Amino acid sequence: RAFFSPTWKTMRGYRPEEELDGSYEAWIERVHPDDRARIAESVKRQDAGEIPYNAFEYRERRKDGSWVWILSRGKPVEWTADGQPARVIGTDTDISALKEVEAALAEERATLRVTLESIADGVIATDADGAVTFMNPVAAQMTGWQADAALRRPVDEIFRLADEEGRPLLNPVTECIASGLRKYVDEDSVLHTRFGGTYEVRSCI
């Protein structure tokens, strides 16, 4: 037997007093085809007592045919004499708005990545610890580091600057992270590549 709260029903476009088919078959039929196999396997493992707590995200068809993104969390709370789950309780949260934001951000990141990879300037991005997270092809050419090889390496190792006399300069990225202020590199600075080449550079961090 299944009990559905009024909120559970309204989340899916039904009236709170509306009677629903509580069978597993009726529910799994409403799950989006792309999510169905993954969710069915997760529920199967939960019902078999293999996992003490379950949490998954999936799309379910609403009464009007639209889709709602749901974060479902549940766990067994009673067991039969032979140790099988006898009663399961769970909560569902509508995360459709969150998924819309995630999709918009993913599209924005994709657009930004295409832009950065196509411009004529070398671009290097790091995380808050100064580890490289992105390099466009121009930066790879200038530093001598392929983007895949540079990922997660300290930016001090990738972006090495010296003055025109060859004396090493403090890494402006490290200074920027430490101070939180924008840094500009002198026009007479020289970028030393991985294999001994050099470029005269002007940079803004």
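Okay, quick definition first: when I sort residues by class, Ala, Val, Leu, Ile, Met, Phe, Trp, Tyr, Cys and Pro count as nonpolar, Asp, Glu, Lys and Arg as charged, and the others, Gly among them, as polar. Keep in mind that what you see above is a predicted model.

So, with those classes, the lining of the largest pocket comes out as 14 nonpolar, 10 polar and 8 charged residues. How much space lies in that pocket? About 1100 Å³. Its lining is made of 32 residues, and Ala2, Phe3, Phe4, Val88 and Gly90 lie nearest the centre. Several elements give two or more residues to this lining, among them helices H1 (6-11), H2 (24-30) and H3 (33-47). Strand S3 gives the largest share, 8 residues.

Now the second largest pocket. Its volume is about 450 Å³, and 20 residues line it. Look for Gly122, Val123, Phe159, Ser203 and Cys204, which lie nearest its centre. The elements giving two or more residues here are strand S4 (124-126), H5, helix H8 (172-179) and strand S8 (198-201). By class, that's 13 nonpolar, 4 polar and 3 charged.

Let's stay with H5 for a moment. That helix covers residues 137-143, and Met142 sits in it. Is Met142 buried or partly exposed? Partly exposed, because its relative accessible area is 21%, and buried means under 20%. Further along the sequence, Met142 touches Leu191, Thr193, Tyr199 and Val201. Arg194 is 52 residues away from Met142 in sequence, yet their C-alpha atoms are 8.9 Å apart in space.

How values were computed. Residues numbered from 1 in each chain as written. Predicted model: local features only at pLDDT ≥ 70, side-chain atom pairs only at ≥ 80, totals over all residues. Heavy atoms only, no water. Helix = DSSP H or I, 4+ residues; strand = E, 2+ residues; numbered from the N terminus. Buried < 20%, exposed > 50% of the residue type's maximum accessible area, 1.4 Å probe, protein only. Contact = heavy atoms within 4.5 Å. 1 Å grid on protein atoms, 1.4 Å probe; cavity = no way out; pocket = protein on both sides within 12 Å on 5 of 7 lines; lining within 4 Å. Points joined across faces, edges and corners; volume = space filled by probe spheres on them. Lists of a residue's contacts leave out its neighbours within four places in sequence.
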